[in-house]
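Please keep the sequence and the structure in view while reading.

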Amino acid sequence: MGNPKAFLEIHRQEAGYRPVHDRIHDFGEVEQTLNTRERKLQASRCMDCGVPFCHWACPLGNKPPEWNNALYQGNWRKAYLLLKTTNPFPEFTGRVCPALCEKACVLNLFNNEPTTNRENEAAIIEVAFREGYVVAHHTKRNGKKIAVIGAGPAGLAAANDLNLLGYEVTVFEQTEAAGGLLRYGIPNFKLNKAIIDRRIDIMEQEGITFRYGETVQCAALPTVMTDKFSAFIIATGTPTARDLNIPGRELQGVHFALELLAQQNRVLAGREFSKGELITAKGKNVLVIGGGDTGSDCIGTVHRQGCKSVTQIEIMSKPVIGPVDPQNPWPNYPRTLKTTSSHEEGCIRRWDVKTLEFIGKDGKVVGVRVQENDRTPEIIKAELVLLAMGFLKPEHPVYANNVFVCGDAALGASLVVRALASGRQTALKVHQYLSTQ
């Protein structure tokens, strides 16, 4: 390592967020960046570990010590080349990954100040794009065609790897643009959609074909396309949200979280909705049911839409406050209280709360009857209710040998980084299968 004592002399420094009074008025990315000098100093903190557990913790097998050292030395091209050997899309994970590598960092276990791997990763890929290191590669074709169903993170990762192996890849996407959860589930204030478009442009230059607005009946594969493709990859994600079937569910104003998030992203992309179709929190009291990242994304979105107030409730108990969880020690992921940029913008947060009934007036929701532990039920006033309780794992029939399933479609709802890893692993399985045919 370039500076083996840096971790003793330099503290962890995060870039932080734009001021709340500034960011809640737009959907621009909230996260800021460090200057080049500060970023190099943060990279220098990556110590010469005997066992770099970050390698093990990352589903993609990223190697932070290697590219952190190159970054510290100022060799951005080398850092990028090292990073892209394991991660096909660092611009995505550098923005939305919970950084499993940082939880496993020796410095985190030592003093709760891990290396800023996620931010360093984002910095490396942005410099790579700016300096022209990211260029399209054209591979000699092997004559075999592959269909990828779904243009989310897993499908994109699988398509990318197989294309580079020489296969002719066609990606079928039922919506109007690629990205899946990245485009329609994650708000622009966390991931600007121009970042996705930039990557899709590269993939198209490399020969991948994207066909939008096409729905493929996966259960009928491969018979519906048997003459066109040698193998098929199903990467359709987890489309079915977990519902809350209690009295009043039919009331106007009760929506799944992704209904709001996807529509808002489409509005920002220029699509127009009628007054009856538009989901808006403007001037309303909002209740978010579900304490995860999707619920947090709803909070940030309704603030920017001009909500009157927002409350988030969670049926589980409140997580431990602090950097460590004594009941769930490393190497398990710490179940500690997470305060996001959206929470910082203002939100009432409550735990151990069950939802009993949606209360309506003239067909519209006006409140929700809830109960905390064994206390007397109460009513939370709300004119907009968002259900952010996760997704159901899809069930699949038995497919033919040349049909493969990856990402959330195979694993159930999980992280973007795990979807990318699954896509890459599935691409390798497809290659191994077709190599024997």
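## A buried helix, H15

The buried residues of H15 are Gly295, Ser296, Asp297, Cys298, Ile299, Gly300, Thr301, Val302, His303, Arg304 and Gln305, where buried means under 20% relative accessible area, exposed means over 50% and partly exposed lies in between, with a 1.4 Å probe and protein chains only. Because 11 of the 13 residues of H15 are buried, this helix is largely enclosed by the rest of the structure. The cover over these buried residues includes helix H2 (20-23), helix H14 (257-268), strand S6 (285-289), strand S7 (309-313), helix H16 (341-344) and strand S12 (384-387), with contact taken as heavy atoms within 4.5 Å.

Helix H15 spans residues 293-305 and reaches 19 Å from its first C-alpha to its last, close to the 18 Å expected at 1.5 Å a residue; the expected span is 1.5 Å times one less than the number of residues. Glycine 306 follows H15 and has a positive phi, near 90°. Helices (H or I, at least four residues) and strands (E, at least two) are DSSP runs, numbered from the N terminus.

## Basis of the model

This is a predicted model, in which local features need pLDDT of at least 70 and side-chain atom pairs count only at pLDDT 80 or more, while totals for chains, interfaces and linings use all residues. Residues are numbered from 1 along each chain as its sequence is written, and side-chain values use heavy atoms, with hydrogens and water left out.

## Overall dimensions

The secondary structure of the protein chain comes to 18 helices and 13 strands. A compact globule of 437 residues would have a radius of gyration near 22 Å, and the 23 Å of the protein chain agrees with this; the radius is taken over C-alpha atoms, and the globule rule is 2.2 Å times the number of residues to the power 0.38. Along the principal axes, the C-alpha atoms fill a box of roughly 65 × 65 × 40 Å.

Of the 437 residues, 50% count as buried. The accessible surface of the protein chain comes to about 20600 Å², of which 51% belongs to carbon and sulfur atoms, as given by the Shrake-Rupley method with a 1.4 Å probe; for residues, only the protein chains shown count as cover. Among contacts between residues at least 6 apart in sequence, 70% join residues at least 24 apart.

## The open parallel sheet

An open sheet of 5 strands has the order S3-S2-S1-S4-S13, with parallel pairing; two strands pair if DSSP finds at least two bridges between them. Its edge strands, S3 (209-212) and S13 (403-405), each pair on one side only. Neighbouring strands of the sheet are turned by 20° against each other on average, direction ignored; axes are lines fitted to C-alpha atoms, for helices over the stretch in contact, and angles run from 0 to 180 degrees between N-to-C directions.

Strand S1 (residues 145-149) runs parallel to strand S4 (residues 231-234) and is joined to it by 4 bridges, with isoleucine 233 in S4 as the bridge partner of valine 148. Helix H11 (residues 153-164) packs on the sheet, touching S1, strand S2 (168-173), S3 and S4, and its direction makes about 165° with that of S2. Helix H18 (residues 416-435) also packs on the sheet, touching S1, S4 and S13, and its direction makes about 165° with that of S13.

Alanine 231 is the bridge partner of isoleucine 146, while isoleucine 234 has valine 405 in S13 as its bridge partner; S4 and S13 run parallel and are joined by 3 bridges.

In H14, the residues Ala257, Leu260, Leu261, Ala262, Gln263, Gln264, Asn265 and Arg266 are buried, and their cover includes helix H12 (181-184), helix H13 (193-205), strand S5 (254-256), H15 and S12. Just after H14, glycine 270 takes a positive phi of about 110°.

Helix H5 (residues 64-72) has Pro64, Pro65, Trp67, Asn68, Ala70 and Leu71 as its buried residues, which pack against H3, helix H4 (53-57), helix H6 (76-84) and helix H10 (117-130). Serine 44 lies in helix H3 (residues 36-44) and counts as buried because its relative accessibility is 4%. Leaving aside neighbours within four places in sequence, serine 44 is in contact with Asn3, Ala6, Ile10 and Tyr72.
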